[in-house]
Every structure is written in structure tokens, then in C-alpha cells.
Amino acid sequence: MAASIWRCTVRRAGPGWRLHRSMSLYNSSHGFNETEIKNKFAQFSGGSVELCKGENGIAELCINNPVRMNAFTGRMMIELAERIRDLENWQEGKGLLVYGAENTFCSGADLNAVKAISNPQDGMMMCMLMQNTLTRLQRLPLISVAVIQGKALGGGAELCTACDFRLMTEGSEIRFVHKHMGLVPGWGGAARLIHLVGSRLALKLLSSALRVHPEYALTIGLADEILSSAADSTLGDAQNWIMAYTKGPADVNRAVKKVVAAGREALLQDALRMEKDIFGTVWGGPANLHALSKGTKHN
């Protein structure tokens, strides 16, 4: 795609950053202090979240922190919320591709930041921030596709469940490694995984930390298609794939996504909030702190 048709956003989170309340699960009535979490997380710098909007109505959102396997620093979490807000207001938008820089998807939260906020209160603030953001991603009036190259681990696996579809390249994997960290998903991944594959398979994936390769993901409905592993063609292949579902006027495409999003919302909010409460019982607990001290995550 010619570079001239893209408008790219890579700016840092500024003082005017605010959550889009109407699309969010949590606010001050739930004990979520937006200003406090923003100020605390902004100090954990590194990486970026980059957004490019195409004139064809398809945007690309890149999780860019390759030195940490595209793990989210605190600043990146804030930037992701900003980029989603930008997409909420993009009236010409029809679709979104979410991918990671340098041929890997995302390894969740950066352990350096996680160790610094391992107390229960900060963990709950991170949980609510990321549930807000990924719920808004899921509710976008755009058809969203996670383009999974390399590894989608922990929070990265949760991120891909917030998209409408998942395309995996050969040799890639989705893995919910939370149990190795003495945790459960806290970004909404468990509730969404149950919606995608059912409670029985979700329990298998969460309790075993199984490496879900493309063929198995396709079989259980976690992936929608397997793409060639050729790095230089993956985004082009994903663009071609999503175009089949985004033909026609933007307002019609957005209306279709809105009715589907409304139909799946019935019990999801309650499940997400319960997930948050359970997450709070293990974040900063003995098993979690032991795993952090050992650097356990990808084993």
C-alpha cells in the first residue's frame, strides 16, 4: 500500500488523555482513579503503539516494543487507550488490523513494570485500565483482526481475543501463560475466551498453559485462517482477507458491527467484572511474587 494514503499516529500520551467513559466498564464509582493510574504508569516508558489509517477505511495498529517481545510498558498501555479512542471517532473507518512489530505479536505486560506495581491496589488499577481499553477495542464499530506472527503470550493472548477475528501465521502460537505467573487473566481474556471456544476448552487452555499452534487454533475456533509465514507478505495477506468483509459504505459496515457487538454484550460485562475481582485475589500473592522473582513467564 502506498505510504501516501496512510495517516500515522505515534505521538505520546499527552495531558489531555481521558478514557471514553461511555465505552468503558470502570470509572470513579468502581474505585478507578484515571489520573492516578495515568501518572503512575507513564513513568514506565519504552516502546510505542502506532496507528496508521488507510484511505480504504482499514487501519493498522502496531504494538511496537520488539526488544521486550512487544510487551506493554505502562506508557504503551496509555497509548493503546488513546489509539482506541482515536478509532472510536474515525467515521470513515471500516476495519482494523492489530499486529506486533518485527514478526512477533505481543508477550503481555512488561515484567519490569509488573514488578514495580506488584501490590494489589496497583494491579487492580492496571486490570481495570486494560479491561476498559480492550472492551472498547471489542466494541469498536470496525471489524478487527489480530494478525498473529510469532508469540501471543499472556496479555498478548488476551489482546487477540478482543479482536473479532484472528489470523495466525505458520509457526505462531497463542498461549495463556498466566498460571505460570501465579495469576489468572485480568485483561478480560478469560471471559472472551469462553465466548470464543466454550468453557471446557477455555479451562484446558488456561489450566495447562498449552501452546496453541495455528492448526489446533483453527480446529477449536480460536483462529479463522492460517497465513503464509513470509514476513514481507503477512500484512498484505491480512489486508486482502479483511477486504472481503469490509466492502461497501463505511456507515453500513459500522452498523453491521454495532448490531453484532450489541448482541454479544448481554452477560459479558458481568463476567469481565467478576474476572477482575478474581484477578485481585492472586495479583501480588505468594505464587505471583515467587514467579516474578524467578522471571518465570515463557517457560
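**A walk through the fold, starting at a hairpin**

Strands β2 and β3 (residues 58–64) pair in the antiparallel sense, with six bridges between them. Strands and helices here are DSSP runs numbered from the N terminus (E, at least two residues, for a strand; H or I, at least four, for a helix), and two strands pair if DSSP finds at least two bridges between them. Before going on, a word on the ground rules: this is a predicted model, so local features need pLDDT of at least 70 and side-chain atom pairs count only at pLDDT 80 or more, while totals for chains, interfaces and linings use all residues. Residues are numbered from 1 along each chain as its sequence is written, and side-chain values use heavy atoms, with hydrogens and water left out.

Back to the hairpin. Three residues sit between its two strands, and Gly57 takes a positive phi near 85° there. Strand β2 (residues 48–54) is mostly covered, with six of its seven residues buried; buried means under 20% relative accessible area, exposed means over 50%, and partly exposed is what lies in between (1.4 Å probe, protein chains only). Ser48 belongs to β2 and is buried, at a relative accessible area of 11%. Its side chain makes a polar contact of 3.0 Å with the side chain of Glu50. For a polar contact, think of a pair of N or O atoms within 3.5 Å; within protein, one must be able to donate a hydrogen and the other to accept it, and residues adjacent in sequence count only if both atoms are side-chain atoms.

Now zoom out. The chain has 12 helices and nine strands, and 57% of its 299 residues are buried. Take the contacts (heavy atoms within 4.5 Å) between residues at least 6 apart in sequence: 78% of them join residues at least 24 apart. The accessible surface comes to about 12000 Å², with 55% of that belonging to carbon and sulfur atoms; these areas come from the Shrake-Rupley method with a 1.4 Å probe, and for residues only the protein chains shown count as cover.

In strand β5 (residues 143–148), six of six residues are buried. In a regular strand the side chains alternate between the two faces of the sheet. Here Ile143, Val145 and Val147 point one way, Ser144, Ala146 and Ile148 point the other way, and all are buried. β5 runs parallel to β4 (residues 95–100), joined by four bridges, with Val98 partnered to Ala146. Four bridges also join β5 to β7 (residues 165–169), again parallel, and there Ile148 has Met168 as its bridge partner.

Strand β8 (residues 173–175) contains Arg175, which counts as buried at 7% relative accessibility. What does the side chain of Arg175 reach at 2.6 Å? That would be the backbone oxygen of Ala209. The C-alpha atom of Arg175 is also 6.4 Å from that of Gly154, although the two residues are 21 apart along the chain.

On to the helices. In α6 (residues 189–197), the buried residues are Gly189, Ala190, Ala191, Arg192, Leu193 and Val197. They pack against α4 (120–139), α5 (155–161), α7 (199–208), α8 (214–220) and α11 (268–282). Just after α6, Gly198 takes a positive phi of about 95°.

Helix α12 (residues 286–294) has Asn288, Ala291 and Leu292 buried. Looking down the axis of α12, these buried residues fall within an arc of 100°, so they line one face of the helix; the arc is that of the directions from the helix axis to the C-beta atoms. Pro286, Ser293 and Lys294 are exposed on the other side of α12, while its buried residues pack against α3 (111–116) and α11.

Last stop: the aromatics. There are six aromatic pairs in the structure. Rings of Phe, Tyr and Trp (its six-membered ring) pair if their centres lie within 6.5 Å; planes under 30 degrees apart count as stacked, over 60 as edge-to-face and the rest as tilted. The ring centres of Trp241 and Tyr245 are 4.8 Å apart with planes at 40°, so the pair is tilted. Trp241 is buried at 11% relative accessible area, whereas Tyr245 is partly exposed at 42%. For Phe279 and Trp283 the centres are 5.3 Å apart and the planes lie at 40°, so this pair is tilted; Phe279 and Trp283 are both buried. Finally, Phe165, Trp241 and Tyr245 form one aromatic cluster.
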